[in-house]
Amino acid sequence: MKHSERLELFENVRARYSVFLTSVLWKLTGDKELFTEAMQYSLFGIWQHVEKLKGEKAGAYIYRIALTANSKAWRNRVGRNGEILNDPIDPAEDADERLDRAESAAIVRREISRLPKKQAGAIVMRYLEQQDYQAIAEKLSCSKAGARSNVSRAMATLKSKLAALV
Amino acid sequence: MNDDRLEEILNSIGAEEIPAEVRGIAQDASNNFNKFLRQPSQPAKPSLLELIMRSRTTKLAAAAVIVIAVLAGLPFLPKNTASVTLAGVAERLGQVKAIMYKMKMHVTGSMVPGMPQVSQDMESTIIISNDFGMKMEIDMTDPNTGKKMTQQMYLVPDSKLMVMVMPEQKRFTRMEFTDDLLAQMKKQNNDPREMIKQMMGAKYTDLGKSDINGIEVEGFKTTDPAIYGSAMGDVKVTLWVDAATWLPVLVEMDMTINEKMRITGTIYDYQWNVPVDKSIFEPVIPADYEAFPKEGMKMPEMTEEAAIEGLKIFADLCGHYPKQANMMDLMQEMTAVMIEQASKEKPGDMTETERVTKAMETMRPVQSFALLYMTLVQDKKEPVYYGESVGPDDIGAVLMRWKTAQNEYRVIFGDLSARTVTGEQLAELEKQPPK
């Protein structure tokens, strides 16, 4: 494919998925620095694989690119071990409760970045994007039962990881 | 944590609204990337872009660490000895003939704004002999591939050479020193003795007693950028000295550059007066290794002439002088320029060797300028640099100046001419706004 064609394709993909990428990467990172990094990795991933992003599977590829970018960004985070506390603040909320909620959300985000790709995709689509199992199955190229199973295994993994931290 | 609680957290994350600032960040990243892709003469092969964005930034980060490692040992001999305690440590270290220690460094951030961030780990073992030179073995992990890379760096005073051996690439690089630089590097090669002297010349605080692995230690901390000749942005260096032997136990470093890069590191596992053999310090280069670049490289000089040449090259490339005189800011500015240049090259325009040689030839005089500035800072010659407001067209404006004697200053002007002036003349010159 010519460079000019790749550029055009890249521009189309970027325009089509930029809102989605912004949304999903923000939900996965919850931190501006991590988000910037994940966004850069995603754009680079799209450019690298732009030829694959033409057909019906484009949505599924974009999920994989976003999840890989998110994992890379989290892996690169140094020394802070995912200790991010920047959830929106509700002034009426009790300070301890707010801290606890922010900490838990940060831990959940970090653990999602460590899940196998299919499980991470399943949990993101189900809970962060509120998609039904049919849509998840299509994007994961599996049956509805398979989608349920991935969500269920992801929840079990997250629960066990979180239980170990409590 | 039960299922309900986990679901509640996940749902709350899912329900979060995207802050406007985050949308702006996404838009900027997207625009920058698009702009980069659409630069004129963008090479048709994606591999060059990949090289620039991944390999090159990775290598530059590694290069930055090596530069820092070398800079840490550059010849800065402070003139004041502010602390009897640290002076005592320095004196104690003066009796040491050979030292071995380890260093861990971690670099994160982006060399160039808008480029993916890198995360580079390096672990080194360094051995220094007063008689034979220095050897540094460096292990790195490529953050993109996870592959381990190794390098050996030798400083061979007798041959006036620094040699880097890269076994994975079957390559080696020779760098020649000038007589001045070598004469000083013979005395201090990334050496804890030098670090003590640097700290003595900077503003520091005594942290009092503490305990490291059962050893009673005394701590000294500095946040004075002068410790690295103002080559970094914010610095924090903490030195822990064995309270009984007066020998260093641990050095902790934390530096940020332009708020874009962060370098953290520790120096530890010191061994004093280790037995050494001359052969350890002789570079081992297998016959099938290739010299890269073939004709070797030269270290930048630290002279006014070389600095002026560097300023001229920078201005010719960019149309303005470097905004900052410190080494790391300058490297970032230069890297951005060189990546832009590389992106304009067509595949096959140059071989890798030619590209690296060209880059080094361009970089070296520019680094001379930063090295001169660092030396002047360390020598407390009150250097001031006006690169942000003075350009090549500001003929009579002071671009940089430093003190050479009581009431005597050396001045480099906007047109890169230089002359020595009195304090009064300098005051008059600095009153004039750039034209």
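In this predicted model, the largest nonpolar core has 53 residues, of which A:L25, A:A38, A:M39, A:A66, A:V108 and A:I123 touch the most other members. A second, separate core comprises 40 residues, including B:Y101, B:M122, B:L239 and B:V276. In soluble globular proteins, nonpolar side chains tend to be buried together. For A:M39, when neighbours within four places in sequence are left aside, the contacts are A:L21 and A:L25 in chain A, together with B:A26 and B:A29 in chain B.

Chain A contains 7 helices and 0 strands, and its pattern along the sequence is α-α-α-α-α-α-α. Of the 166 residues in chain A, 43% are buried. Among the contacts in this chain between residues at least 6 apart in sequence, 62% link residues at least 24 apart.

Helix 1 of chain A spans residues 3-29. Although this helix has 27 residues, the C-alpha atoms at its ends are only 32 Å apart, whereas a straight helix would reach 39 Å at 1.5 Å a residue. A bend of about 55° occurs in helix 1 at A:Y17, and A:Y17 is also one of the buried residues of the helix. After helix 1 comes A:G30, which has a positive phi near 65°.

Note on methods:
Residues numbered from 1 in each chain as written. Chains lettered and ligands numbered in written order. Predicted model: local features only at pLDDT ≥ 70, side-chain atom pairs only at ≥ 80, totals over all residues. Helix = DSSP H or I, 4+ residues; strand = E, 2+ residues; numbered from the N terminus. Expected span 1.5 Å × (residues − 1). Bend = angle between axes of the 7 residues up to and from the residue. Buried ≥ 20, exposed ≤ 12 C-beta atoms within 10 Å, placed from the backbone. Contact = placed C-beta atoms within 7 Å. Core = buried A, V, L, I, M, F, W, Y, C linked by C-beta atoms within 7 Å.
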